[in-house]
Structures are given as structure tokens and as C-alpha cells.
Amino acid sequence: MNTQAATATGHVVHRDPVGAKTGMWLFLFTEVLLFGGLFVVYAVYRQMHTADFHEAAYELNRYMGVANTFVLLTSSLTMVLAVGALQRGQAGRSLRWLGATFALAAVFLVVKYFEWSAKYSHHIFPGQEYLKELPHGQDLFYNLYFMMTGLHGIHVVIGMIVMAVVFAKIRSGAVRAGRHGMLEYTGLYWHLVDLVWVFLLPLFYLTA
Amino acid sequence: MHDAHATAHAEHEHIVPDGLQVLIWISLMLLTLITAGASILFPGRVGIGVAMVVTPLKAALILMFFMHLKYEKPVFRWMFLTAMAILAVVMGLTFFDYSHR
């Protein structure tokens, strides 16, 4: 529904928060289908190469996977607390929670860096000759692992960039209580990134 | 949730209490521990079974509370289910194809 707010100059601003939120969800569905397509590929190849997937998954460090799940789940909490604080008009508090979310996103990437470095030192990286010498199913598993966690990692980086922009806009007062849509939709995006990881954890680290 | 309730919230937006969100977060952390624990202690069928039950539950908690779907108009939940249905159809057709080759 449209809400109209008169500004100090008497100028009428038309806003449509429900429409904006609908648009954000539609975008999130395209993201769901993007990752969903990769999950379908994973499911089919796992069905065809069950033993190879099992063997290859042993190389992944499940403790790092679980630790990063804790990091992302916590970052989702700090994000909802940032939104709640801004809705109540507590901009300073909101900025601190948003900063915490940004920091946790960085921690996630640092853990990922160590994980990937360990794989790289074992010549497990897309394009490496070593992978082609492995059974075909293992090659597929590692390539899917890098594609899916890589695409997810890109989403984390984009999330951090958007958070930085929103942070500046809250500081300048452009995003504030009653006009907090931008922070709210950034939150929705961030939770989706968290949601994708919730599925990546069992598929690659826990139950392959 | 009733329509009238949701409509009222669209105008006077609903703020989920911080305490509730912290509870959701604790639940998500515990569910993660359960999935990880089950996969380490009972690798194989039991571990996979636990993950297949717990993971959608975690997803539901994130969607309903963190992503606010519980407090939105029903149309948002229907939209989400539609996207899920499309994914299910794609997955079903793909598997049908591969199992009949």
C-alpha cells in the first residue's frame, strides 16, 4: 500500500514499502533458484558417484565447516538486532550491531581462506592436474565444492559491501527509524546467504 | 496468522522482541551441534537422517523469525512456497530423467 509523507517543504513523497519488500523477495527467489540449480547438480552426481563423494568429503575439515556455521548464524542474529534497534530509533546501537555483523562476515572469509589454502597445498583446486588423476566422482565433488562455496563466498563479499553502504547511510541519517527499508532488505539478503550455508554444511562437510 | 492481524502490522510494523531472536539463535546453534554430533557419532544412515530432519527445521526458523515471514502477509509465504515448488519440480524432473536412462 502507498504511504504518503509530507516533508518540511510540503512536498509529498510517495513510498511503497510493501512493493519494495515484494521486489526484494522476488530477487531472493532468483537467488534460491540459482543455488537450487547447483544443488540439483550435486544431488544427481552424488547419486551417480556415492562412494567417490564419500571418499572426497573426508578431505574436508568438518570442524571448520561447523565453526563457520556458528559464525554465520551469529551474524544473522546481530543483523536482526541491528534492524530492531533502528526500528526503535536507536541508530548508534544499530550501527554497533551492523559493525559486528560485518566483522563476523570477515571472520567467515578468513576461516574460508585457511580452508582453501589447505586444499590448495594438497593440489586440490579446480584446474589442477592432480584432480584429473582422481576418480571422476571425486573430481566432480571438489569442483562442486569450490563452485558452490565460491559462489556463496562471493555473496558474502557483496553482503559486506552493501553493509558498508548502509552503515554510511545510517550515520548520515538517510536510513533511520520509519525509513529503514534499506537495512531491512540488506538483512533479508544476509539471512538468505546464511540459509544457503545451512544447506552447504551437511551436503559437503557432514553427510557426503 | 489472521489477515487482519497481518494488515495491521503492515502499517504499524511489527518489531520482533530481541529476546525471542536470541532464543531462535540459541536453537539454531543447538540444532547445528545436534547435526554435527550425529554425523560424527553415527556416520551413515543415522547421521544423514538427522541432517535431513534438522536442516529444514533450521531453514524454517531462519525464514519465519530472522526473515520475518511469520509476521508478513500470507502472500509472502505463498510466494516462497511457489519458488520452492518450482525447485521441487526441476529436481523431480531431473531425477526422473536420470533414473530412466
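Which side chains meet in a salt bridge at 3.4 Å, N to O? Select Arg88(A) and Asp18(B): their side chains form that bridge. Keep in mind that this is a predicted model.

**Stop 1: the contact between the chains**

Stay with the charged groups for a moment. Chain B and chain A share 3 salt bridges. Polar contacts link 5 residue pairs between the two chains, both partners at pLDDT 80 or more.

Now colour chain B by helix.

Next, select both sides together. Chain B brings 44 residues to the contact, and chain A brings 46. The two chains bury about 4,000 Å² between them. Carbon and sulfur atoms account for 80% of that area.

**Stop 2: the largest pocket**

Move to the largest pocket, which holds about 860 Å³ of space. Centre the view on Phe39(A), Phe199(A), Leu203(A), Thr55(B) and Met91(B); of the 28 lining residues, these are the closest to the pocket's centre.

Show the helices around the pocket. On chain A, H1 (17-48) and H7 (181-206) each give two or more residues to the lining. Which helix gives the most to the lining? Select H3(B): it supplies 8 residues.

Finish by colouring the lining by class. It divides into 24 nonpolar, 3 polar and 1 charged.

Definitions and conventions. Residues are numbered from 1 along each chain as its sequence is written. Chains are lettered from A and ligands numbered from 1 in the order in which they are written. This is a predicted model: local features need pLDDT of at least 70, side-chain atom pairs count only at pLDDT 80 or more; totals for chains, interfaces and linings use all residues. Side-chain values use heavy atoms; hydrogens and water are left out. Contact means heavy atoms within 4.5 Å. Buried area is the accessible area (1.4 Å probe) that two parts lose on being put together, summed over both. A salt bridge is a side-chain nitrogen of Lys or Arg within 4 Å of a carboxyl oxygen of Asp or Glu. A polar contact is a pair of N or O atoms within 3.5 Å; within protein, one must be able to donate a hydrogen and the other to accept it, and residues adjacent in sequence count only if both atoms are side-chain atoms. On a 1 Å grid over the protein atoms alone, a cavity is a set of points where a 1.4 Å probe fits but cannot get out, and a pocket is an open set with protein on both sides within 12 Å along at least five of seven lines; lining residues have an atom within 4 Å of a point. Grid points are joined across faces, edges and corners, and a volume is the space filled by probe spheres set on the points. Helices (H or I, at least four residues) and strands (E, at least two) are DSSP runs, numbered from the N terminus. Ala, Val, Leu, Ile, Met, Phe, Trp, Tyr, Cys and Pro count as nonpolar, Asp, Glu, Lys and Arg as charged, and the others, Gly among them, as polar.
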